[in-house]
Each structure stands twice: as structure tokens, then as C-alpha cells.
Amino acid sequence: MHPVVRKLRNFFVSMQLTVVLLIMSMVLVFAATLDQVNLGIWAVQAKYFRSFFVMWPVPNAGLSLPLFPGGYLIGGLLLLNLIAAHIYRFQLTWRKAGIQLAHAGVILLLLGELISGLLQKDSIMQLLEGDTTKYSESFRDHELVLIDKTSPAYDEVVAIPEAVLADLSSIQYPKLPFLVRVKEYYPNAGLQMREPTAPTNPDASIMGMGKNIVMTPQPIMYKSDEINRPGAFVELTGPDGKLGTWLVSPELGAPQKFSLLGHNWEIALRLKRYYQPFSISLLKITNDVYPGTDIPKNFASRVHVRSDDGKEDREITIFMNNPLRFGGLTFYQYQMNAANHMSAFEVVRNPGWLLPYVACIMMGLGLLIQFGFSLFGFINKRAALSEARSET
């Protein structure tokens with residue numbers, strides 16, 4: 001074996017690497033726990049665990065430097081270390097079956113977390129009693145939508161992700177008869193009505209509600225109970241020239257309308273939507289509390305699920321610790337407002353949701369098997385020793 005290859009092998013199978021990575025993971029968890037006071041759970045997950053490096057922004061320099069290995073890097077090295085040691089050291093024998101199974105469970109657990117980190121999507125679905133919807137909305141991500149409302153049968157929607165807006169780029173899409181150019185973008189912005197005595201907006205190209213509104217950049221929010229409200233100025237250019245500039249923000253509440261070439265359009269910046277091939281109707285909510293307190297006793301929502309292909313048409317009750325699993329999604333009872341007859345569900349798409357359960361079963365079974373082999377070996381030795389003493 002080539003010396004370089006041997007060194008690489010010894011590095012990845014070494015117990016020292018395992019210990020160092022475990023210590024680094026504990027340091028990472030400790031630092032993330034402390035920083036959660038400042039950033040909140042979502043930002044902490046992105047900064048510490050779902051990244052290859054924890055970045056440190058250099059003050060007044062406009063750049064960030066890697067400060068510490070992130071969760072993806074530490075977890076990936078742990079996974080490689082475990083697989084390499086598993087192949088190199090352990091023998092495939094019945095007496096080692098328990099250890100093999102337990103280590104395979106740990107590997108599956110790490111893979112499950114990787115899949116969840118990369119593919120899991122969380123969103124919220126809010127309904128009033130009697131309402132029906134086919135979509136849920138992101139907790140944090142936004143999108144710019146341009147909607148062709150001309151057809152009475154359907155809406156033609158073009159959605160532009162918030163990340164594209166942040167790049168201040170120009171977007172030309174085949175279904176749009178105009179060019180979209182982002183002139184300004186703010187990750188978080190506040191809106192305020194222009195004072196009647198204030199001078200008119202010097203930018204005559206501003207159209208719609210933006211004429212009477214002042215948009216001011218705000219500090220970015222990180223805590224879990226806070227949400228950023230982005231804002232942007234978007235310029236549209238048609239075949240015959242510029243159509244104007246629109247101020248867009250989710251704080252406006254309603255889309256702004258304009259017409260072009262005989263088509264009626266709407267433009268809005270809203271929370272990102274996830275449409276599904278089925279609809280959910282909220283039939284009834286149950287909001288019980290313990291007598292004399294505000295402590296929840298039973299939050300339940302009776303819903304009607306109907307798929308577009310007609311194969312699914314049933315009613316089900318969603319309550320705490322009893323979610324609805326349908327269409328690759330899990331609907332958890334998230335919030336409830338009995339006064340307004342409103343219920344909210346957290347909608348989770350996680351292709352790897354079963355892997356942690358399978359991994360824990362494998363690890364438990366592997367340890368049980370290994371303990372069984374040791375126990376029976378100990379019993380046999382005791383029996384042989386007792387037999388030998390009786391013969392003497």
C-alpha cells in the first residue's frame with residue numbers, strides 16, 4: 001500500500017479523530033445554545049448546524065471568515081470515520097453482529113439528519129372554520145409574484161424567489177411580456193404613510209400604492225417569534241418601454257394591479273407558497289382548557305381532505321400528538337384561536353422522517369444482541385467453572 005494511502009486510511013479510522021470530532025461537536029452545541037439568545041432557533045440552525053463553517057463577520061470589512069467547523073463538516077467527518085472504522089476494524093462474525101448492527105444504526109442516524117437538513121421543508125396552513133385551501137405558506141421565505149388574472153377559469157402565476165431579488169438582478173421569463181428589474185431590495189423594511197404636508201415623491205415612475213408610502217430599511221430579525229418583512233422597488237419594462245416602478249412588500253396586504261396588452265396583472269411580495277394536489281377544509285375546531293385556567297386541555301381540528309384525482313375523500317381529526325400524514329406531508333396542530341374560529345397547522349415535508357426511528361431500533365437491538373452474547377458467555381463460563389469444581 002502506498003504510504004500516502006496508508007496515512008489517509010489511518011487518519012479516517014483512528015479513534016483520536018472520533019474523540020476530536022465529538023469534542024468539537026460538544027463545543028458547537030454549547031456555542032449554539034448560548035447564541036440562541038441573540039439569533040433564535042432558525043438562525044442558529046443555519047449558522048451552526050446546517051453549514052460547513054461557522055462564519056465570523058469582520059467588523060467594518062464587509063466580509064466573513066471561517067471561525068469553526070460547522071455541523072455539516074463535523075457530521076460528515078464523523079460519518080466517514082464511522083464507516084471507515086466499521087469496514088476496517090470489525091469482523092463479520094455472529095459474535096460481532098450486535099456491534100455491527102449498532103454501528104449501522106448510528107450511520108443511519110447521521111444520514112437521516114443530513115437528509116432532514118437538506119430536504120425538510122416547514123410551512124404553515126391557516127384556516128377559518130368553513131375555509132378550504134390547497135397551499136401552505138413558508139414561515140420566513142418570501143417570493144415576488146406576477147399574476148395574470150385575465151382568464152376567468154384560472155390564474156397564471158410566475159413566482160420569483162426572494163434570493164433572486166436580493167441579487168438585484170433582471171428577470172426575463174417567457175410567460176412574462178415584460179422585463180423585471182429589481183432596483184432596490186431590503187431584507188427587512190418598515191412602511192409608513194407619507195405625511196400629507198410632505199413633498200410628493202420625487203420619483204415620478206412610482207406606481208400604485210407606493211406613491212403615498214415611505215419604505216425604510218430595518219435591522220434584520222433573528223428570533224423565532226420575529227419575522228422579517230422584506231421590501232423592494234421593482235421596475236417593469238414592456239415592449240414599448242418602461243411601465244413604471246412598484247413598491248412591493250408583504251405589509252401592503254393586497255396585490256397591486258396594472259394592465260398590459262389587454263391582460264390584467266397583479267404584482268405582490270408575499271410569503272412563499274407550497275401548492276398541493278389536494279385540498280383541506282376546516283370543518284370544526286375544539287378548544288378545551290382546564291376549568292379555571294388558560295392551560296390547554298384539548299386542541300383539535302376536524303378537517304376534510306379531498307384529492308384532485310378523487311381517490312381520497314375523507315374526514316379526520318387532527319389534535320396534539322396526533323398529526324395527519326398525507327401526500328408525503330405531516331400536518332401538526334400548531335395554533336388555535338377560538339375567538340376567531342381559526343386553526344393553524346404546521347406542515348412538514350421530511351423524506352427522512354422514518355430514519356431516526358429505524359436507526360434507534362437498530363442501535364437498541366444491536367446493543368441487546370451484544371449484551372445477550374456477553375451474558376450467555378458469562379453464564380457458560382460460570383457453569384463450566386462450577387462443573388470443574390464439582391469434579392475436583
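Lys-121 sits in strand E3, residues 121-128; helices here are DSSP runs of H or I with at least four residues, strands are runs of E with at least two, and both are numbered from the N terminus. This is a predicted model, in which local features need pLDDT of at least 70, side-chain atom pairs count only at pLDDT 80 or more, and totals for chains, interfaces and linings use all residues. Numbering starts from 1 along each chain as its sequence is written, and side-chain values use heavy atoms, with hydrogens and water left out.

Back to Lys-121. It counts as partly exposed because its relative accessibility is 42%; buried means under 20% relative accessible area, exposed over 50%, and partly exposed in between, with a 1.4 Å probe and protein chains only. Leaving out residues up to four places away in sequence, Lys-121 touches Tyr-274, Val-347, Val-348 and Arg-349, where contact means heavy atoms within 4.5 Å. Between Lys-121 and Leu-329 there are 208 residues of sequence separation, and 9.5 Å from C-alpha to C-alpha.

Next, the cores. Which residues have the most contacts inside the largest nonpolar core? They are Leu-144, Leu-146, Phe-178 and Val-180, in a core of 21 residues. A nonpolar core is a set of buried Ala, Val, Leu, Ile, Met, Phe, Trp, Tyr and Cys residues joined through side-chain atoms within 4.5 Å. Among the elements giving this core two or more residues are strand E4 (132-148), strand E7 (179-186) and strand E14 (263-289). Beyond its neighbours within four places in sequence, Val-180 has contacts that include Leu-144, Leu-146, Ile-160 and Val-234. A second, separate core has 17 residues, including Ile-280, Val-305, Phe-326 and Val-347. Val-347 is also one of the residues that Lys-121 touches.

Now helix H7, residues 355-391, which holds Phe-378. Phe-378 is partly exposed, because its relative accessibility is 47%. It belongs to a nonpolar surface patch of about 720 Å², together with Leu-365, Leu-368, Phe-371, Leu-375, Phe-376 and Ile-379. Patch residues have over 30% relative accessible area and no salt bridge; like charges are joined within 9 Å, and nonpolar side chains (Val, Leu, Ile, Met, Phe, Trp, Tyr) within 5 Å. A salt bridge is a side-chain nitrogen of Lys or Arg within 4 Å of a carboxyl oxygen of Asp or Glu. Areas are Shrake-Rupley values with a 1.4 Å probe; for residues, only the protein chains shown count as cover.

Last, the whole chain. It has 7 helices and 19 strands. Of its 392 residues, 34% count as buried.
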